[in-house]
Amino acid sequence: MGRLPFIAGNWKMNKTVREAVDLVRELKAAISGVKGVEVAVAPPFTALYAVHEELEGSPICLAAQNLFWEEKGAFTGEVSPVMLKEVGCLYIIIGHSERRQFFGETDETVNRRIKAALAQSLKVIFCIGETLKEREEGKTFSVMERQMEGGLKGLGDQEMRNIVIAYEPVWAIGTGKTATPEQAEEAHRFIRGKLERIYSREVSEGIRIQYGGSVTPENVKGLMNQPNIDGALVGGASLKAESFSKIVRFKEL
Ligand code: PEP
């Protein structure tokens, strides 16, 4: 059975509650009737509940951009998996490169967050990808290998059913520089091969691998035509219903 394409919008630290609700309202209209693609939006924490209410009855899924692994307690500023479930989240983005770069996220903390999310039956969008320096030094595959081994440590076949991997080369995020479809496909093929080595062919064939890094309505089709690219994690272009809905409707482009 083929993998269902999955397009997710990472809004990062953008949109007030009112702006977020307006955006999903517009988005619902812009993608109504689209079939054969799963869609998620990841607003900031403050807008999650209001967006959840606005999404009532809509097939668009709600995602959060991070979580903390403890259930509750003295962890000022953190948000737990249970709290995110309560406000309607289905997916959690974990290990985004901005969290790794600016907030000290490591493979080990990524792993703890992934396990905590899965333990609450949340699904995970697990982000990996190399920096420009690492690519130029020929370390692209070894970096991805380290991130996968560390981030997925201790997870079994059953748990992998709730994981989506997002390959996001750091040099392509928010820079307007997209990986070519061939560069992205090469990385995705590597990831799928690695999944097969860690788990099994069945697990690796079932897992969706999104590409992320300056995806736009102009380049999405070329990327989605690649056999191992199963979706996109979209930053900048997800902030407007017009561009995000075109990406969701990539089959019609
Ligand atoms: C992202 O934040 O995951 C991302 C891919 O951003 P952009 O599309 O803006 O490059």
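Trainee: Which atom of the ligand does the side chain of H96 lie 2.9 Å from?

Mentor: An oxygen atom. A polar side-chain atom of H96 sits 2.9 Å from that ligand oxygen. Keep in mind that this is a predicted model.

Trainee: Noted. How far is the side chain of N10 from an oxygen atom of the ligand?

Mentor: 3.3 Å. That distance runs from an N or O atom in the N10 side chain to a ligand oxygen.

Trainee: And G235, what part of that residue lies 2.8 Å from a ligand oxygen?

Mentor: Its backbone. A backbone N or O atom of G235 is 2.8 Å from an oxygen atom of the ligand.

Trainee: How much of the ligand's accessible area does the protein cover?

Mentor: The figure is 96%. On its own, the ligand has 290 Å² of accessible area.

Trainee: How many residues surround the ligand?

Mentor: 14 of them. The closest are K12, E168, G174, S214 and G235.

Trainee: How does that shell divide into nonpolar, polar and charged?

Mentor: Eight residues are polar, four are nonpolar and two are charged.

Trainee: New topic. Is strand β6 mostly covered or mostly uncovered?

Mentor: Mostly covered. β6 spans residues 163-167, and five of its five residues are buried.

Trainee: Which way do its side chains point?

Mentor: I163, I165 and Y167 point one way from β6. V164 and A166 point the other way. All of these are buried. In general, side chains in a regular strand alternate between the two faces of the sheet.

Trainee: How many bridges join β5 to β6?

Mentor: Five. β5 covers residues 123-128, and the two strands run parallel.

Trainee: Is C89 buried or exposed?

Mentor: Buried. Its relative accessible area is 7%, and the cut-off for buried is under 20%.

Trainee: Is C127 buried or exposed?

Mentor: Buried as well, with a relative accessible area of 2%.

Key: Residues numbered from 1 in each chain as written. Predicted model: local features only at pLDDT ≥ 70, side-chain atom pairs only at ≥ 80, totals over all residues. Heavy atoms only, no water. Buried < 20%, exposed > 50% of the residue type's maximum accessible area, 1.4 Å probe, protein only. Helix = DSSP H or I, 4+ residues; strand = E, 2+ residues; numbered from the N terminus. Pairing = 2+ DSSP bridges. Near = heavy atom within 4 Å. Polar contact = N/O pair within 3.5 Å; in protein donor to acceptor, adjacent residues only side chain to side chain. Areas by Shrake-Rupley, 256 points an atom, 1.4 Å probe, with all protein chains shown as cover. Nonpolar A, V, L, I, M, F, W, Y, C, P; charged D, E, K, R; others polar.
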